[in-house]
Amino acid sequence: MSEARARSPSLSSRLMWRLLDRLYDLKGWQLQGRVPDARKYVVLGVPHTTNWDFVFFAGAVQRLGMKPSFMGKHTLFRWPLGRFMSDMGGMPVNRAKPGGYVRSVIRNFAAAEEMALVIAPEGSRSSDGRWRTGFYHIAHGAGVPIVPAWVDHERKLGGIGEPVMPTGDYRADMAKLVAFYRGVMPDCPRFNVLEASLAEETPRTAA
């Protein structure tokens, strides 16, 4: 267990979680699915289209009893934000080292007793739907399943699907994830782009 999880969380982080939980209630979202049985896994947050995605996620994890982690730029973990970022579940990474952050996160998985690492594979809200592959290299290297999560703002609905254990066959494993997302959000245009990208010769690299 990390130092941040072993000690009592800071007042600022407790207040932030309460605020996010309250906003979730006010928005009136509904949640489907359940927390996976695994103790360690990568959670995909898709599609990432608005800052409200984080509010939905925060409220959802409160109700499911998850203790989420997320990756953040290493410079954000310095004073005065360091403790707050850690207490919120942050994990410092240095993306200036190509591939280095993937190995760093894999080591963190190996050292942890429990970890639910949340990643938005699209990278940003302005994505056309293509996914970066860092999440896959992390999950495969750490030997942990990938858990698909989703949010539909028009329907005020979101949820969590069944875990997919990465086999090393990127396209085959991605086909399973795409099939899940197609089932819960069949009209989402971003998934058209994602499906087309799987036919490309080389998938996008970690970033």
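1. The axes of helix 2 (residues 11–27) and helix 3 approach within 8 Å and cross at roughly 100°. Axes here are lines fitted to C-alpha atoms, for helices over the stretch in contact, with angles from 0 to 180 degrees between N-to-C directions. The two helices are therefore roughly perpendicular to each other, a label for angles of 65 to 115 degrees.

2. The model is predicted: local features need pLDDT of at least 70 and side-chain atom pairs pLDDT 80 or more, while totals for chains, interfaces and linings use all residues. Residues are numbered from 1 along each chain as its sequence is written, and side-chain values use heavy atoms, without hydrogens and water.

3. Contact means heavy atoms within 4.5 Å.

4. Seven strands form an open sheet of mixed pairing, in the order 1-7-6-2-5-3-4. Its edge strands, strand 1 (30–32) and strand 4 (90–93), each pair on one side only. Pairing requires at least two DSSP bridges; helices (H or I, at least four residues) and strands (E, at least two) are DSSP runs, numbered from the N terminus.

5. Strand 6 (residues 146–152) and strand 7 (residues 157–160) run antiparallel, joined by 4 bridges. Aspartate 152 stands opposite leucine 157 in strand 7. Helix 3 (residues 52–64) packs on the sheet, and strands 6 and 7 are among those that helix 3 touches.

Note on methods:
Angles under 35 degrees count as roughly parallel, over 145 as roughly antiparallel, 65 to 115 as roughly perpendicular and the rest as oblique.
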